[in-house]
Amino acid sequence: MTKQEKYNLAKWAISHALENGAQQVSVSISNSRSSSVEVREEKIDKLEQAIQSNLSIQLFVDKKYSSHSTNRLKKEELAGFIEEAIAGTRYLSEDEFRTLPDPELYYKGNGQDLKTLDTGFDTYDPQRKIDLAFQAEKEVRGKDERIISVSASYYDGMNERVMVTSNGFEGDMANSYYGLHAQVSVKGGDARPEASWSENAIFYEKLKKAGIGQKALDRALKKIGQEKVESGKMDMIVENRMISRLFGPLISALNGSAIQQKNSFLVDRLGEKVFSEKLTVTDDPFIIFGRGSRLFDGEGLATKKRLVFESGVVRNYYIDTYYGKKLNMEPTGGSNTNLVFKTGGKDLDGLVSTVEKGILVTGFNGGNCNGSTGDFSYGIEGFFIEKGQLKQPVSEMNITGNMKELWSNIGEIGNDVNENSSWLTPSVLFSGVDFSGA
């Protein structure tokens, strides 16, 4: 189905819903293609390919709301589907806050090309993709007698979406992704430490295709000899690829639903300094080649570059139309795009060199954070640091504390940004974290 055919079908679905009693309607039609191959012991262990098409429709009927989806895209089948959905919606309770967005807030078109789609997606040789997975495995196999198992995988996907609303929005977006992953387990006394490494990219040609298996092996071997160290308060550095585990609760606490339901430790803190002045994060939807880049959100609202935290001050919540009405606040968009940290002047090695006694966290093993209070407890693994040097791999230790206190005690933010995610996170040094172990 071409883009224009999707637009035509979406507009027809809206007209049919309005003719059958809906007052407002939003329709999205999407299609996706994906493939993956996993290899193990020099053989293909799993090979998958998927092609999907879907229509989603949001119905606003007599102050009642419902959302439905189907993969049946023929008009004769959709007609009955929509009519039944409208009939079912009438049985729901009224919700005066459920409406489409104010049309003035919609994306109006003519935005710049954010380069989120590799237009050559369908042209790349499938055999080459399989070869890349075998190549990642080959980098490791037979390289060390302590290796127990190696697996590697290649994956890619492409998504396209057209969206139309009954009050004037029309827009489309598309994105692609490619990735390589390797996982290695090794012998280490009674333990069997394992580690993985991944690389991904929006464009096939930009995907790092070498070194993935070797990186996973190196990380696994460094874990041999893991032990607990003595409990106490110490400095903590969290590696750039892992910091999202501790930053995620801050973003969740900014969500409109959490704010409205008083299930956030950042309720009523807008405009207040809550964290360290070293924490400045910007939500930037317009980064070229950005994994989270987009011109409009899931409702059609035009995206804007916004400060999330500025020198520790909470500057924005993530508010969609529904919770904006409930909270009597202007919608800002219900989800994040690219999160960009203001970085410091040191890479990971530079941060480690400043620590007299502490732990470099390279992984988390379970745990959780209470969204209402910010209290957390996580299992961690990594390396004990003494006098600026990595001394001993550690595991089976826990960190406990409160998110507001943790992010108020930033010692330094690194400059080693992880570019494999829409969250462009650097490594972060925290002071005075409670560790429990031996």
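Reader: What share of the accessible surface of the protein chain belongs to carbon and sulfur atoms?
Author: The model is a predicted one. The accessible surface of the protein chain comes to about 20,800 Å². The part of this area that belongs to carbon and sulfur atoms is 44%.

Reader: How many of the residues count as buried, as a percentage?
Author: A residue is buried when its relative accessible area is under 20%. The protein chain has 438 residues. Of these, the buried part is 48%.

Reader: What percentage of the contacts with a separation of 6 or more joins residues 24 or more positions apart?
Author: A contact here means heavy atoms within 4.5 Å. Among contacts in the protein chain with a separation of 6 or more, the part from residues 24 or more positions apart is 71%.

Reader: How far apart are the mean positions of the positive and negative charges?
Author: The protein chain carries 54 positive and 61 negative charges.

Reader: Is serine 311, with its positive phi, buried, partly exposed or exposed?
Author: Most residues other than glycine have a negative phi. Serine 311 is not a glycine, yet has a positive phi of about 50 degrees. Serine 311 lies in the loop between strand E9 (306-310) and strand E10 (313-314). With a relative accessible area of 34%, serine 311 is partly exposed.

Reader: Which residue of E10 stands opposite glutamate 310?
Author: E9 and E10 pair in the antiparallel sense, over two bridges. The residue in E10 that faces glutamate 310 is valine 313.

Reader: In which strand does glutamate 396 have its place?
Author: Glutamate 396 has a positive phi of about 55 degrees although it is not a glycine. The relative accessible area of glutamate 396 is 61%, so the residue is exposed. Residues 389-402, with glutamate 396 among them, form strand E14.

Reader: What distance separates the C-alpha atoms of glycine 171 and arginine 161?
Author: Glycine 171 is found in strand E5 (residues 170-186) and counts as buried, at 5% relative accessibility. Beyond its neighbours within four places in sequence, glycine 171 is in contact with Tyr7, Arg161, Val162, Met163 and Phe296. Glycine 171 and arginine 161 are 10 residues apart along the chain, and their C-alpha atoms are separated by 8.4 Å.

Reader: What is the bridge partner of valine 184 in E6?
Author: E5 and E6 run antiparallel and are joined by eight bridges. In a regular strand the side chains alternate between the two faces of the sheet. Strand E6 (residues 194-201) has an uncovered face with Glu194, Ser196, Ser198 and Asn200, and a covered face with Ala195, Trp197, Glu199 and Ala201. In E6, valine 184 has as bridge partner alanine 195.

Technical notes. Residues are numbered from 1 along each chain as its sequence is written. This is a predicted model: local features need pLDDT of at least 70, side-chain atom pairs count only at pLDDT 80 or more; totals for chains, interfaces and linings use all residues. Side-chain values use heavy atoms; hydrogens and water are left out. Buried means under 20% relative accessible area, exposed over 50%, partly exposed in between (1.4 Å probe, protein chains only). Accessible areas come from the Shrake-Rupley method with a 1.4 Å probe; for residues, only the protein chains shown count as cover. Lys and Arg count as positive and Asp and Glu as negative; His and the chain ends are not counted. The place of a charge is taken as NZ of Lys, CZ of Arg, CG of Asp or CD of Glu. Helices (H or I, at least four residues) and strands (E, at least two) are DSSP runs, numbered from the N terminus. Two strands pair if DSSP finds at least two bridges between them.
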